[in-house]
Every structure is written in C-alpha cells, then in structure tokens.
Amino acid sequence: PGAMRLREKARRAKCQNNLKQIYYAISSYRDDHNEQYPDSLDALKDSIDDFAVFKCPSSASPTPSTPSGGDYEYRTGLSPASRSTESLLEDKDANHPEGVSVLRVGGQVDFQPAGEI
C-alpha cells in the first residue's frame, strides 16, 4: 500500500506539471489574442507539440487526438477580469482517488481533496 501511494503521488505531480504546461500555452494564446481566453482547448493545438500533456497519468484513457479530448475539463466564459483563484482547468472524472488537480486563472496549481470539491 505504501508503494501504491507513492506511485499515485508521483502521477499526481506529473498531472500538475501537465496543467502548468497547459497554462503556459493558454498564457501565450492570451498574449496573441488581446488577453482573451480560448473558446476551447482545441485552440491550443498549434501551441503544444505533444498531446500527451492533455492526458492525466492517473487516467486509463489513451493519449487524446485533440486537446479537448483529454482528461482535463476547461472552464469557458472567463474574462481578463476573472479572479486569479477561479478554476481554469481541472481533472475530469476524478482521475485521482483522493481528489482533483486544479489549475487556477492566476497559474497556481493545487490539489483539492475529495471532501473539498
């Protein structure tokens, strides 16, 4: 059980790194589009070479063929005035047994335990 927890913790760290990489792509998109957020993750397809970044390591799903087909749920309708603590992207379908990895508008990535979602 201890080794399984350590492996899940490593997968969770990789998941959070994926979210940070997606944040950099979204930031680049916003720089090029008058600070507007993309309508969907598919707008990032030319910014990210490997779609594996859209797959959570804890998920059993295959690497997606499009960014929006990945394991992360993108929140639409955000504006430049959105609070930095609002959720921008998070795990779909509880990929992690103990909670959800969340990317905030301000670029922070954190883990919300299942009881706090």
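**View A. Asn34 is exposed, with a relative accessible area of 67%.** Exposed denotes over 50% relative accessible area, buried under 20% and partly exposed the range in between, computed with a 1.4 Å probe on protein chains only. The model shown is predicted: local features require pLDDT of at least 70 and side-chain atom pairs pLDDT 80 or more, whereas totals for chains, interfaces and linings draw on all residues. Residues are numbered from 1 along each chain as its sequence is written, and side-chain values rest on heavy atoms, with hydrogens and water left out. Asn34 is placed in the loop between H1 and S1, where helices (H or I, at least four residues) and strands (E, at least two) are DSSP runs numbered from the N terminus. Although Asn34 is not a glycine, its phi is positive, at about 55°. Glu35 is found in the loop between H1 and S1 and has a positive phi of about 65°, although it too is not a glycine. Glu35 is partly exposed, its relative accessible area being 36%.

**View B. Lys55 is a buried residue of the loop between H1 and S1.** The relative accessible area of Lys55 is 17%. Along the sequence, Lys55 and Ser82 are 27 residues apart, and their C-alpha atoms lie 26 Å apart in space.

**View C. Phe51 and Phe54 form an edge-to-face aromatic pair.** Phe54 is buried, with a relative accessible area of 0%.

**View D. Two arginine side chains lie over aromatic faces: Arg12 over Phe111 and Arg30 over Tyr37.** The criterion is NZ of Lys or CZ of Arg within 6 Å of the ring centre and within 35 degrees of the ring normal. For Arg12 and Phe111, the distance to the ring centre is 3.9 Å. For Arg30 and Tyr37, the corresponding distance is 4.2 Å.

**View E. The largest pocket contains about 180 Å³ of space.** A pocket is an open set of points on a 1 Å grid over the protein atoms alone, where a 1.4 Å probe fits, with protein on both sides within 12 Å along at least five of seven lines; lining residues have an atom within 4 Å of a point. Points are joined across faces, edges and corners, and the volume is that filled by probe spheres set on them. The lining consists of Met4, Arg5, Glu8, Lys9, Arg11, Arg12, His96, Pro97, Glu98 and Phe111. Helix H1 (residues 2–32) contributes the largest share of this lining, six residues. By class, the lining comprises three nonpolar, one polar and six charged residues (nonpolar: Ala, Val, Leu, Ile, Met, Phe, Trp, Tyr, Cys and Pro; charged: Asp, Glu, Lys and Arg; polar: the others, Gly among them). Arg12 and Phe111, both members of this lining, also form one of the contacts of View D.

**View F. Ile22, Leu88 and Leu89 touch the most other members of the largest nonpolar core, which has 22 residues.** Such a core is a set of buried Ala, Val, Leu, Ile, Met, Phe, Trp, Tyr and Cys residues joined through side-chain atoms within 4.5 Å. At least two residues of this core come from each of H1, strand S1 (72–74) and strand S2 (87–91). Helix H1 gives the most, with seven residues.

**View G. Glu90 is a partly exposed residue of strand S2.** The relative accessible area of Glu90 is 25%. Glu90 and Pro57 are 33 residues apart along the chain, and 14 Å separates their C-alpha atoms. Lys92 occupies the loop between S2 and strand S3 (99–104) and is partly exposed, with a relative accessible area of 23%. Lys92 and Tyr74 are 18 residues apart in sequence and 9.4 Å apart in space, C-alpha to C-alpha.

How values were computed
Rings of Phe, Tyr and Trp (its six-membered ring) pair if their centres lie within 6.5 Å; planes under 30 degrees apart count as stacked, over 60 as edge-to-face and the rest as tilted.
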